[in-house]
Amino acid sequence: MSRRGLAAVSSVLDQAASSATNILVLVLAARLSSASGFAAFSMVYVAFSVLLGLNMAYVGQTVVLEKGEGLGRICRSSVLFTAAASAGAGLVLAAAGLAAPGDAGWALLALGLVLPLVLVQDGLRYCFSALRVPERALAADALRLVCVVAALAVQPRGVSAGRLVLVWGLSALPALAVGLWLLRPFVRGVRADLRPYVRRGHLGRRFVVEFAVGNGSSQLAVLGLGAFATPLAVGALRGASTLFGPLNVLFNSANAFGPPVVGRASGKRGVVRLTLLMGAVLAVLGGGWAAVLYALPDRLGRELLGDTWPAAAALLPATGAQYAVMGLGTCALLTLRVLEPKATLSLQVVFSLLSVALLLGGYAGWGVAGAAWGLALGSAAKAAAGWLRVARLEVPAEVAAAA
């Protein structure tokens with residue numbers, strides 16, 4: 001296998017290891033906790049997911065775009081900035097946790113304590129990607145997967161949400177140590193420069209906006225749902241989406257490796273034909289996976305999600321429909337990213353906010369099932385708008401030829 005092929009395989013496997021970690025953390029937490037305990041854990045984990053996405057957008061995506069010399073300094077700077085920023089955010093979370101009552105407060109406090117560990121460990125993968133050594137990221141993330149599963153598997157049933165968060169966070173220490181050791185040869189003897197991260201015009205600010213409207217808005221909406229509704233709704237929605245984690249690996253891989261593959265197609269027609277095929281495959285896989293999950297016996301479902309299974313199982317038709325149309329929407333945005341990159345931000349803003357409105361409106365009218373169908377309807381609207389934008393797109397001849 002060529003060096004380029006090995007790098008691509010390592011990148012996909014690393015994404016799979018990272019996604020598997022998130023899936024298994026939620027599955028193990030659901031099995032070990034009561035329904036209310038998992039709801040508290042889910043709310044805190046959603047908060048972590050938002051912070052993780054913000055760090056990925058502001059720091060990670062800017063790092064992987066860097067080329068040429070000076071990558072050692074850029075990687076050292078990104079690690080130190082992530083450590084400093086996450087320490088500050090951790091202090092805020094810890095203070096909020098001390099002020100909040102019950103299990104959710106202790107879990108929030110625990111997240112504040114371990115946040116620098118988990119964010120720095122996750123951020124190392126972007127350094128290894130920029131340095132074109134993704135196999136080192138795979139080694140660290142595979143160790144992270146093994147350690148977190150082992151640490152959570154030995155916890156007793158009925159364990160508190162705060163203890164689960166603390167164990168989950170501390171289990172990142174071995175992978176963090178290995179990742180820093182693997183990065184050391186590339187950053188030895190160079191000085192960090194944090195000034196680019198605080199300057200006006202930093203590219204990460206644009207990526208943060210796209211994340212906020214494309215992904216963070218729905219996460220925050222689910223988190224906010226627990227504030228004025230019931231935390232059990234958050235647990236049910238999070239549990240249902242956890243079961244579709246394998247599809248997230250495919251969606252993320254399509255976003256990461258799709259542009260260079262699709263870009264080789266001949267003209268707009270070739271690009272659209274290829275992305276439509278990809279979207280159809282992802283949609284069929286989404287619907288098929290939903291059917292498999294819906295057919296699971298109750299006993300197996302409880303083995304996966306414990307007491308949260310009945311509430312999550314009731315949402316499978318809606319969540320399955322959401323993931324089916326998400327496959328089509330992902331490939332519509334991929335098409336635009338290749339043919340007209342500036343067209344994606346407006347779609348993300350309008351239809352992500354629409355999804356939030358449909359989520360909250362669905363809950364107000366029909367409870368947690370309505371919220372799930374609201375998310376599905378929002379994803380369908382975004383996919384339809386994306387393909388309509390593709391159909392109306394006029395690509396100049398020279399751009400079409402380059403695509």
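Buried means under 20% relative accessible area, exposed over 50% and partly exposed in between, computed with a 1.4 Å probe and protein chains only. The structure is a predicted model, in which local features need pLDDT of at least 70 and side-chain atom pairs count only at pLDDT 80 or more, while totals for chains, interfaces and linings use all residues. Residues are numbered from 1 along each chain as its sequence is written, and side-chain values use heavy atoms, with hydrogens and water left out.

The protein chain holds 17 helices and zero strands. These elements are DSSP runs numbered from the N terminus (helices: H or I, at least four residues; strands: E, at least two). Of the 403 residues in the chain, 51% are buried. The chain exposes about 18,100 Å², and carbon and sulfur atoms supply 67% of that area. Accessible areas come from the Shrake-Rupley method with a 1.4 Å probe; for residues, only the protein chains shown count as cover. Contact means heavy atoms within 4.5 Å. Among contacts between residues at least 6 apart in sequence, 81% join residues at least 24 apart.

A nonpolar core is a set of buried Ala, Val, Leu, Ile, Met, Phe, Trp, Tyr and Cys residues joined through side-chain atoms within 4.5 Å. The largest such core has 72 residues; Phe 41, Phe 48, Leu 111, Val 165, Trp 168 and Phe 244 touch the most other members. Helix α16 (residues 343-392) gives the most to this core, with 11 residues. A second, separate core has 22 residues, including Leu 71, Val 133, Leu 183 and Val 187. Beyond its neighbours within four places in sequence, Phe 48 contacts Leu 111, Leu 115, Val 118, Leu 119 and Trp 168.

Aromatic rings of Phe, Tyr and Trp (its six-membered ring) pair if their centres lie within 6.5 Å; planes under 30 degrees apart count as stacked, over 60 as edge-to-face and the rest as tilted. Phe 41 and Tyr 45 are stacked, at 5.6 Å centre to centre and 20 degrees between the planes. The two residues lie four apart in helix α2 (residues 35-64), so about one helical turn separates them. Phe 41 is buried at 1% relative accessibility. Tyr 45 is buried at 3%. Tyr 45 also pairs edge-to-face with Trp 168, at 5.6 Å centre to centre and 65 degrees between the planes. This pair links distant parts of the chain: Tyr 45 belongs to helix α2 and Trp 168 to helix α6 (residues 161-170), 123 residues apart. Trp 168 is buried at 3% relative accessibility. Phe 41, Tyr 45, Phe 48 and Trp 168 form one aromatic cluster.
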